[in-house]
Amino acid sequence: MKQLRIPAVYMRGGTSKGVFFLKEDLPADPMERERVLLRVIGSPDRYGKQTDGMGGATSSTSKIVILSKSARPDSDVDYLFGQVAIDKPAIDWTGNCGNLSTAVGPFAIEAGLLGAPADGTAVVRIWQTNIRKRIISHVPMQAGEVQELGGFELDGVAFPAAEVRLEFLEPAEGGALFPTGRRLDRLDVPGVGQIEATLIDAGNPTIFVDAATLGLKGTELQGDINGDKKMLGLAEAVRSHGAVAMGLTRTAAEATEKRPGTPKLAFVAKPAPYTASDGKTVEPAAIDMLARIFSMGVLHHAMTGTGAVAIAAAAAIPGTLVHRVAPAGKDGRVRFGHPSGVLAVGAEACEEAGAWAIKKVMMSRSARRLMEGWVRVPA
């Protein structure tokens, strides 16, 4: 039996990794395409390792990106993201990956999807097709190529690289920033009771709760939570019932089975000292708040890019749970401590006719090509 040979690039974007494809190189039939992509990543893997594929057996490294030229006058490229389940034959196409959004601009330039200056900064206008939002990527260029190496350091990534600046434009455009119409809700979760939560749709649909609501402090690392089945079950119960309240699914069971990627569940707390996953001490003076997020059923090792977008948006708007813990500064910026260290994000918010709107959220990440060539897939 021969194997398919498909052009692909393996890229890091922010604190995630994924396999990048041009749309034209994949099967046109959606079902066949999904079968191929699952096999590329190595899912489903009953051992949970994705040994026979490109996946890294974590939510941060089990990802697919598909790019093509955009027909939209306000965009250069269309960007489709797939979050691949590890132990199930499923790809969640409902959300975006903010971290891999960083790699979209560099990949698009190198793939010839748009022109770029030989030196300086290339501006790549991205249409995120999953959530139908626009992203502007500012990609450094040097001697006619994307500049990937540099001195920008990102907590959660071991080596420095070149800085890529991202702007997530009007992250709630075309939909309600607060799907319930309220900045603070009370969710009735069986086995938990009534809890306060902010349900916001910015970057990705996200549910924010106080760390104490889950019996946590906000300083936890992956090892403190991901082996605790009871805690993970509690988190999923809150997430799935929040999905129903946001109108994303009809039932909590449907959210668990069919929509594991979104909404995300995050918990926040006031600043406190903790030791990050690399052994570095994070002092309270260095942050405005503590933040952790669950992704695909487990605690994320750092912070999802779209989680950072949601944090920035919620911190900028009075009345949200996040704003109550850490209101954004006058410049719209907020610094938060995550399991791998510290991240700063900013948002431009305004109140129009009694309703709040987010004009854009800004953050910096880095990206790098790890390998390029072809992936092999059993026919």
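## A tour of charged side chains

Start by selecting Glu-372 and Arg-369, whose side chains meet in a salt bridge (2.3 Å, N to O); a salt bridge here is a side-chain nitrogen of Lys or Arg within 4 Å of a carboxyl oxygen of Asp or Glu. This is a predicted model, where local features need pLDDT of at least 70, side-chain atom pairs count only at pLDDT 80 or more, and totals for chains, interfaces and linings use all residues. Residues are numbered from 1 along each chain as its sequence is written, and side-chain values use heavy atoms, leaving out hydrogens and water.

Glu-372 is exposed at 55% relative accessibility, whereas Arg-369 is buried at 19%. Buried means under 20% relative accessible area, exposed over 50%, and partly exposed in between (1.4 Å probe, protein chains only).

Next, select Arg-39 and Asp-52: their salt bridge brings the closest N and O atoms to 2.9 Å apart. Arg-39 sits in helix 1 and Asp-52 in the loop between helix 1 and strand 3 (63-69), 13 residues apart. Helices (H or I, at least four residues) and strands (E, at least two) are DSSP runs, numbered from the N terminus.

Stay in helix 1 (residues 30-41) and pick Arg-33.

Finish with Arg-324 and Glu-196, a salt bridge with the closest N and O atoms 3.0 Å apart.
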